[in-house]
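These are my notebook entries from a pass through one structure.

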Amino acid sequence: MTLDRARAVDGLRVVDHPRRYDVVVAGGGNAALCAAIAARRAGASVLVLEAADKFYRGGNTRHTRNMRCAHDSATETLTGPYTEDEFWDDLKRVTGGKTDEKLARHMISESKDVLTWIEEQGVRFQPSLGGTLSLGRTNSFFLGGGRAMLNALYRTAERLGVTVCYEAEVVGLDITDGMFLSAVFASGSGLARVRASALVAASGGFESNFDWLKQAWGDIADNFLIRGTANNRGTVLKMLLDAGVQQIGDPTECHAVAIDARAPKYDGGIITRLDCVVFGIVVNKHGARFYDEGEDIWPKRYAIWGRLVAQQPDQIAYIVFDAAMLNMFMPSCYPPIVAGSIGELAQRLGLDPAVLAKTVASFNAAVRPGTFDHTTLDDCRTEGIDPPKTHWARRIEEAPFYAYPVRPGITFTYLGTRVNREARMIMADGRPSANMFAAGEIMAGNVLGQGYAAGVGMTVGSVFGRIAGREAARHARN
Amino acid sequence: MPATELKTPSLAEAARLMTVCNACRYCEGLCAVFPAMEMRRTFTGGDLNYLASLCHACGACYLDCQFSPPHEFNVNVPRVLAQVRGESYAACAWPRVLSGLFAHNGLATAVIAALSVAAFIVGFVAWHDPSALLAAHVGPGAFYRLMPHNAMVAVFGAVFLYGVVASLMGMRAFWRDIGAPAGTLTEPASLWQAVKDAATLRYLDGGGAGCYSADDKPTDQPRRYHHFTFYGFVLCFASTCVATVYHYVLGRAAPYPWYDLPVVIGTLGGIGLVVGPLGLLAAKVRRDPVLADPSSFSMDVAFLVMLFLTGLTGLALLVLRETAGMGLLLALHLGVVLALFLTLPYGKFVHGLYRLLALVRYAREKRALAGGTASD
């Protein structure tokens with residue numbers, strides 16, 4: 001028996017759950033529900049153990065909006081075809097080749113079928129609108145967003161007879177020689193042990209576990225914000241690794257973006273993101289620039305700024321821009337900090353006014369004339385300063401002046417359990433587990449060694465969730 | 001944001017929510033509110049009143065929202081926009097001195113209805129032989145032995161005209177408040193689009209899944225019952241118009257046989273007005289209170305009850321018109337209908353007018369946006 005020592009479970013009585021299930025699913029997000037539905041449809045009895053309460057159910061799926069699936073032709077909601085090869089090329093590019101090609105290609109191939117399967121489970125799509133047109137061909141957008149998608153999956157799961165327990169975090173796993181026997185979970189004020197023929201671990205990453213983050217990042221992790229659920233503490237992941245499941249990925253590998261520093265510690269979601277780096281300059285708490293704000297277009301620039309800010313003192317930075325740029329980007333839910341002069345702005349931000357004024361003045365002096373176009377890598381750039389701003393460089397000169405404070409916001413982590421194409425966990429000695437499967441963020445590192453492309457997290461969840469559920473049911477019924 | 005311009009706490013909260021929603025936009029496929037919101041970055045009181053009237057209160061955005069309570073961002077768009085709508089109805093009332101009728105709508109409607117019914121009974125007795133009230137009357141002109149046709153036309157005509165004037169003045173106030181250009185009202189394309197969207201209740205279906213009434217399972221019931229109510233009302237009104245033509249053009253006096261046009265469409269309309277409001281009342285009672293604005297409950301119920309009573313007394317009058325109960329039933333029916341028309345400009349009825357205007361503006365904005373994109 002492995003019990004997570006961080007959670008004080010000693011002294012609590014463990015009662016035996018009256019029923020034995022074919023499949024126990026740890027987690028309650030997209031991957032977990034796809035696994036539960038697929039297993040139930042294959043004839044298995046299924047218990048879903050979700051750590052959150054009913055409102056917060058679904059982990060990071062609550063904050064998602066779309067998934068990326070290959071398709072050979074346009075659909076009602078997708079503007080054109082997105083072939084398997086094109087998907088693979090995109091994945092290879094964003095991960096810099098740090099991916100398991102066979103597994104990734106298998107996922108991409110299965111994603112075609114998942115696009116219709118997920119609709120059969122009650123999920124509705126919409127055409128991409130407003131600010132998301134650039135993804136209208138490749139990504140399928142959930143009508144009403146990720147929580148609407150989850151609500152549909154839960155309704156379907158419950159209609160099919162899947163049992164769902166809320167506030168039922170899995171805190172213990174009984175695993176012998178790679179064979180899952182039972183799980184211990186929080187139940188009311190105590191603990192319950194449930195036996196099952198197969199386990200699907202779909203309980204997310206560990207980004208909400210600051211002790212674990214600090215082991216990887218050091219004390220600077222204290223200044224990180226977690227964009228999604230507070231429930232991804234990695235309890236199940238840690239127990240699995242301790243029980244001899246092979247680890248994949250590096251604990252510092254994660255999706256981190258710069259988000260509004262005023263966001264709550266957890267669960268601020270999409271509305272705290274800021275994608276306005278290109279429209280100004282970014283300075284640290286000493287008022288100094290530290291990276292080329294015009295290096296690349298979205299989404300690459302979006303995904304690097306979390307790490308860049310993490311490397312700055314106190315893990316804080318300020319995006320500074322002027323009135324000409326105010327309406328060029330999607331607003332965050334917090335108003336920008338505004339002032340009539342750069343000096344006054346510095347005071348509001350708690351920076352040295354003279355230093356910030358000098359930084360802005362030297363930046364302005366270095367800006368070369370050009371034609372501004374934020375949709376392409378334009379010719380507006382600086383000369384003679386370090387770091388340069390290689391595109392979209394325009395003088396910050398039109399009052400009032402604005403700033404957004406930003407901190408690293410962790411979206412999800414990549415450290416996980418190694419799996420094969422059956423979503424079956426691989427043990428440290430290379431043998432596949434007899435009856436343990438993993439899906440979603442807990443195994444995303446198999447295909448995402450680094451980097452990210454919009455919607456791939458949900459593809460990993462739905463595709464491997466469905467496979468894991470199917471295979472777990474097959475095992476249980478044999 | 002010029003929060004100081006927002007006169008009420010509901011408007012300030014609505015502005016906060018729209019700022020949050022504008023940074024998310026996951027709900028943009030659900031209805032017209034969110035696309036209209038996306039065309040703005042800051043929100044005046046008029047903008048918020050416009051968005052509030054675009055909202056059909058289907059509840060989908062609440063159930064779909066990752067930030068709805070208990071999340072600390074406390075996003076509850078259906079409830080806050082219902083509050084804003086309620087305030088906007090009162091602010092647009094004409095004449096202004098009657099705007100207080102919105103605040104105590106249930107009580108006011110009940111008192112007006114009771115007085116109105118009583119006035120008909122007293123009138124029937126005072127102007128005629130008291131025994132005529134409780135006697136059976138048959139054949140053409142039976143109703144007019146209790147109240148002369150010209151008197152009916154004079155009373156209802158006057159009240160109807162007043163209702164039209166008061167409603168038009170309210171619509172004018174609303175149109176000015178939301179800051180829409182007058183020219184939009186003469187564009188056939190915008191008007192036609194709005195009429196279609198209103199007639200089909202396009203935005204009451206949560207983007208396709210349905211409306212959330214009792215629990216987290218969407219259903220199309222509220223839309224169906226609203227159709228019963230609205231088209232029932234329209235049929236009853238049409239029945240009255242046809243009967244008026246019969247009377248003045250064809251010289252045929254009511255009551256008409258059951259198979260005649262005014263009776264047939266009036267009966268169908270009456271059934272709609274009984275079934276529809278009952279269904280909507282049931283949905284209202286079952287609805288998760290978190291979605292509703294408690295201060296508009298009385299107004300909503302009063303209007304539904306008045307429509308229900310109009311339908312019920314009309315059908316009862318049809319069934320029992322040849323019995324001795326006809327006199328009292330006629331007084332009851334006419335009293336209810338008169339009270340309904342008197343209270344129309346000061347109750348839930350106005351939601352239809354303002355929502356239609358909001359849809360006209362939305363149709364215009366959407367076309368302008370599409371045109372703007374094309375020429376970019």
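**Entry 1: two helix pairs**

I began with helix α6 (residues 105–127) of chain B and helix α11 (residues 297–319) of chain B, whose axes lie 7 Å apart at an angle of about 30°. This is a predicted model, so I kept that in mind throughout. Angles under 35 degrees count as roughly parallel, and α6(B) and α11(B) are therefore roughly parallel to each other. I then listed who makes the contact: B:N105, B:G106, B:T109 and B:A113 come from α6(B), while B:S298, B:M299, B:A302 and B:M306 come from α11(B). Sorted by class, this contact holds four nonpolar and four polar residues, with no charged ones.

Next I turned to chain A for another pair. Helix α3 (residues 101–120) of chain A and helix α10 (residues 456–477) of chain A cross at roughly 85°, and their axes come within 9 Å. That makes α3(A) roughly perpendicular to α10(A). On the α3(A) side I noted residues including A:L103, A:M107, A:E110, A:V114 and A:W117. On the α10(A) side, A:V456, A:V460, A:V463, A:F464 and A:R470 are among them. The class count for this contact is ten nonpolar, four polar and four charged.

**Entry 2: a covered helix**

How many residues of α1(B) are buried? I counted ten of its 14, so α1(B) is mostly covered, with buried meaning under 20% relative accessible area. The buried set includes B:L11, B:A14, B:A15, B:L17, B:M18 and B:C21, and also the polar B:S10, B:T19 and B:N22. What covers them includes α2 (33–38), α3 (45–54) and α5 (77–92) of chain B. I also checked the length: α1(B) spans residues 9–22 and reaches 20 Å from its first C-alpha to its last, close to the 20 Å expected at 1.5 Å a residue.

**Entry 3: where the chains meet**

I looked up the interface next. Here 35 residues of chain A are in contact with 32 residues of chain B. The two chains bury about 2700 Å² between them, 54% of it on carbon and sulfur atoms. Which three residues of chain A supply more of its buried area than any other three? They are A:R65, A:R155 and A:I271, which supply 20% of the area that chain A buries against chain B.

I found a cis peptide bond from B:P69 to B:P70, with omega near 15°. B:P70 sits in the loop between α4 (60–64) and α5 of chain B. The bond from B:W94 to B:P95 is cis too, with omega near -10°, and B:P95 is in the loop between α5 and α6 of chain B.

Then I checked phi in chain A. A:E167 is not a glycine, yet its phi is positive at about 50°; its place is the loop between β8 (163–165) and β9 (170–176). A:Q315, also not a glycine, has a positive phi of about 55°, in the loop between α7 (300–310) and β16 (317–322).

Are these two buried or exposed? A:E167 counts as exposed at 54% relative accessibility, whereas A:Q315 counts as buried at 6%.

How values were computed
Residues numbered from 1 in each chain as written. Chains lettered and ligands numbered in written order. Predicted model: local features only at pLDDT ≥ 70, side-chain atom pairs only at ≥ 80, totals over all residues. Heavy atoms only, no water. Helix = DSSP H or I, 4+ residues; strand = E, 2+ residues; numbered from the N terminus. Expected span 1.5 Å × (residues − 1). Buried < 20%, exposed > 50% of the residue type's maximum accessible area, 1.4 Å probe, protein only. Contact = heavy atoms within 4.5 Å. Axes fitted to C-alpha atoms, helices over the stretch in contact; angles between N-to-C directions. Parallel < 35°, antiparallel > 145°, perpendicular 65-115°, else oblique. Buried area = accessible area lost by both parts, 1.4 Å probe.
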